[in-house]
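I'm opening my notebook for a new structure today. I'll jot down what I look up, one entry at a time.

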Amino acid sequence: MHDVRIQLNPHPTDPLERAAILERPVFGESFGDHMVTMSWRDGSWGPLELVPFGPLALSPATLALHYGQSVFEALKAYRAPDGTTSLFRPSTNADRFATSARRLAMPTLPEGVFELACALAAGADRDWIPTAHGAALYVRPFMFASEAHLSVRPAREYRFVVISSPVASYFGDHLPAISVAVETADVRATPGGTGAVKFAGNYAAGFAAHGRAGAAGQDQVLWLDATERRWVEELNAMNVVFVWHHDGRTVVSTPPLTGTILEGVTRSSLLELAADPDPDPAGPGIDEVVERPTSIDQVRAALADGSLREVFACGTAAVIAPIGTLVDGGVVRPVGDGRPGPITTALRRRLLDVQHGTGPDPHGWMRPVERILIDAGVDPGALER
Ligand SMILES: *Cc1c(COP(=O)(O)O)cnc(C)c1O
């Protein structure tokens with residue numbers, strides 16, 4: 001069992017101030033009262049420490065700042081109507097974190113410690129979980145090269161940290177459709193590169209294109225493949241899903257994982273839910289769910305002839321963001337009538353019902369924080385004031 005040390009914040013945020021923040025949380029702007037940290041040196045991890053949220057002291061020679069060894073994760077904690085605090089599929093994020101670390105020549109965490117660290121952060125700051133539908137406590141684990149040195153080589157010291165931030169439904173209370181610009185100059189990921197892992201540098205590399213799209217009035221960038229600039233890949237931090245209508249059949253598709261696309265937990269969860277029978281017998285039917293390559297030419301043609309009915313983006317932060325317009329080489333192409341379609345809306349509701357504990361959880365995706373703590377030998381009472 002890993003050595004766990006718990007130091008509760010003696011000066012937590014005033015409850016009235018916290019309540020005011022939770023009424024209108026802005027993504028990534030406010031943070032819980034605690035963080036979890038753990039350091040790696042000479043081949044082994046030190047204790048896992050829950051401490052008050054605060055600045056990290058770093059040398060200007062911190063290797064991550066120079067050569068970019070930095071990876072992260074994102075998952076959410078929800079409070080069910082019965083008061084249980086749970087994390088959504090934390091082991092899936094733990095596995096992806098390990099894959100990211102290996103790709104960047106960084107150490108991996110001991111078995112179960114990722115889930116435990118997230119449970120400590122969410123459990124200590126459970127009062128920071130907003131309860132409105134679509135709102136949650138966003139949990140952000142990350143790891144970076146903390147050694148002070150300037151040699152171009154993998155670091156000999158690393159820091160693992162978990163912080164949390166209350167979030168409302170990412171795009172507000174109702175579900176507005178976003179507009180997306182097809183990027184044909186820059187690329188996000190190349191074969192053999194780092195596109196399939198959550199590596200900090202991937203995001204910086206996309207910001208210039210994102211800025212151009214923003215200046216032209218679009219919300220996001222849709223990336224094409226690096227080799228042919230023809231195959232649709234994903235957005236900056238969200239996967240893309242299409243809903244087609246052919247010969248009276250409704251087909252849900254998303255591009256396959258070819259090594260340049262990040263395997264989103266939301267993406268895989270939605271693929272499973274879409275293939276399950278709809279618990280609502282009146283829900284819109286889905287005849288087939290498939291991972292298949294989609295070219296931008298196919299998208300253009302199918303938007304023109306009406307067979308591409310719905311397009312949406314999906315990821316932990318937004319859950320599902322309907323795409324209402326595609327701007328492609330200066331041509332504005334509406335998707336359907338430009339508003340969220342029935343499959344987009346139904347899948348979003350089904351996933352949110354699992355996450356908020358307001359619907360069935362047929363795959364056992366919700367992991368109660370208390371269970372994770374007990375299984376790791378940590379008394380949940382240690383998080384009580
Ligand atoms: C995080 C991320 C996603 C979505 O992954 P989730 O696990 O669903 O949050 C998709 N694409 C990229 C590039 C990402 O970084």
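Entry one. Which of the 15 residues around the ligand come nearest? I looked them up, and the answer is Lys198, Tyr203, Glu234, Thr266 and Thr316. A reminder to myself: this is a predicted model.

Entry two. I sorted the shell around the ligand by class, and I got five nonpolar, six polar and four charged residues.

Next I went through some side chains and their distances to ligand oxygens. Thr266 has a polar side-chain atom 2.6 Å from an oxygen atom of the ligand. For Thr316, an N or O atom of the side chain is 2.6 Å from a ligand oxygen. With Arg96, I noted 2.8 Å between a side-chain N or O atom and an oxygen of the ligand. As for cover, the ligand on its own has 380 Å² of accessible area, and the protein covers 97% of that.

Where does the ligand sit? I found it in the largest pocket.

Then I turned to cysteines. Is Cys118 buried or exposed? Its relative accessibility is 0%, so I wrote it down as buried. Cys314 is at 1% relative accessibility, so it counts as buried too. I also looked for disulfides, meaning cysteine sulfur pairs within 2.5 Å, and my count is zero.

Technical notes
Residues numbered from 1 in each chain as written. Predicted model: local features only at pLDDT ≥ 70, side-chain atom pairs only at ≥ 80, totals over all residues. Heavy atoms only, no water. Buried < 20%, exposed > 50% of the residue type's maximum accessible area, 1.4 Å probe, protein only. Near = heavy atom within 4 Å. Polar contact = N/O pair within 3.5 Å; in protein donor to acceptor, adjacent residues only side chain to side chain. Areas by Shrake-Rupley, 256 points an atom, 1.4 Å probe, with all protein chains shown as cover. 1 Å grid on protein atoms, 1.4 Å probe; cavity = no way out; pocket = protein on both sides within 12 Å on 5 of 7 lines; lining within 4 Å. Sits in = over half its atoms within 2 Å of the grid points. Nonpolar A, V, L, I, M, F, W, Y, C, P; charged D, E, K, R; others polar.
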